[in-house]
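Please look over the sequence and the coordinates shown here before reading on. The report is meant to be read alongside them.

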Amino acid sequence: MAADNTIKLHYDVPNDDFTRAGEASSDLKGKLKQMGISPDAIRKVSIALYEGEINMVIHANGGYIDAEISENGLKLVLCDTGPGINDIVQATQAGFSTALEQTRMLGFGAGMGLPNMLQNTDDMIIDSIVGVGTTITMFIKM
Amino acid sequence: MTIKELINANIFNTLKEGSDLNREISGLFNCDLLSIAMSKAPTDCAWVTVMGNINTLAVATLADVSCVILAEGVFFDDAATIRLDATDITVFTTEMPVFEASLKVYEMINA
């Protein structure tokens, strides 16, 4: 894929709407499948992006996702204006969760969101300011 | 074992048939925590769970499982039932406990 063939996609993630969580991941998965991307890469993208979407719904008042598909791979930028992450090291530890009981009842809050995102990306940067918001940039080779 | 063979075995109630009934069921997965299911459920498995909400369908689709089996008499909530129409996945329901339902599928896969 030539550099000028970069595909850019934008998704809005609604606040506190579990019924729409996963729409961006599903749409992107479908597009990558049509492009003939390997199932292994698609699975990594699906896991990382779905976890990101859920985190935005649960913790961050929603936000938006920008995806950029190029010859090098997939870049995902997840941006929200939520409360921010107080301790990023703690937040990326498996099992740590600040999810509320209501969220846990839906099957979330296992404390595996950020760890799953880290595990399924080739590069991931978390920029977060408490009271301002969080931007997570992920890169997955394809 | 294919999805069609599991349907024809009449062990579970078939709530929804996906479009590819010849798809293989190559293993089993049990878990109700969706983040764990998302990352650990093997492609083409039968996912046996008691989590019957709309996010179960999202995870099942994204993790590319062959089918979902709702155990313990659990049924989808209203939002999931509406979404099910637009989701291309086979879903079974059963009154059996998770272990018993899983064992039935395991025995069929390994028969």
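What follows describes the fold and dimensions of one chain, and then its contact with a second chain.

## Basis and fold of chain A

The structure is a predicted model, and every value in this report is computed from it. The secondary structure of chain A consists of five helices and five strands, and these elements follow one another from the N terminus in the order β-α-α-β-β-α-α-α-β-β.

Among the contacts in chain A whose separation is 6 or more, 61% are between residues 24 or more positions apart.

## Dimensions and burial

The C-alpha trace of chain A extends over about 45 × 25 × 25 Å along its principal axes. The radius of gyration of chain A is 15 Å, which agrees with the value near 14 Å that a compact globule would have with 142 residues.

Of the 142 residues in chain A, 38% are buried, a residue being counted as buried if 20 or more other C-beta atoms lie within 10 Å of its own.

## Contact between chains A and B

Chain A brings 19 residues to the contact, and chain B brings 16 residues. On the side of chain A that touches chain B, helix 1 (23-34), helix 2 (39-59) and helix 5 (113-119) of chain A each supply at least two residues, and helix 2 of chain A gives the most, with five residues.

Sorted by class, the side of chain A that touches chain B holds eight nonpolar, eight polar and three charged residues.

Methods: Residues are numbered from 1 along each chain as its sequence is written. Chains are lettered from A and ligands numbered from 1 in the order in which they are written. This is a predicted model: local features need pLDDT of at least 70, side-chain atom pairs count only at pLDDT 80 or more; totals for chains, interfaces and linings use all residues. Two residues are in contact if their C-beta atoms, placed from the backbone, lie within 7 Å. Helices (H or I, at least four residues) and strands (E, at least two) are DSSP runs, numbered from the N terminus. Ala, Val, Leu, Ile, Met, Phe, Trp, Tyr, Cys and Pro count as nonpolar, Asp, Glu, Lys and Arg as charged, and the others, Gly among them, as polar. The radius of gyration is taken over C-alpha atoms; the globule rule is 2.2 Å times the number of residues to the power 0.38. A residue is buried if 20 or more other C-beta atoms lie within 10 Å of its own, exposed if 12 or fewer, and partly exposed in between; C-beta atoms are placed from the backbone.
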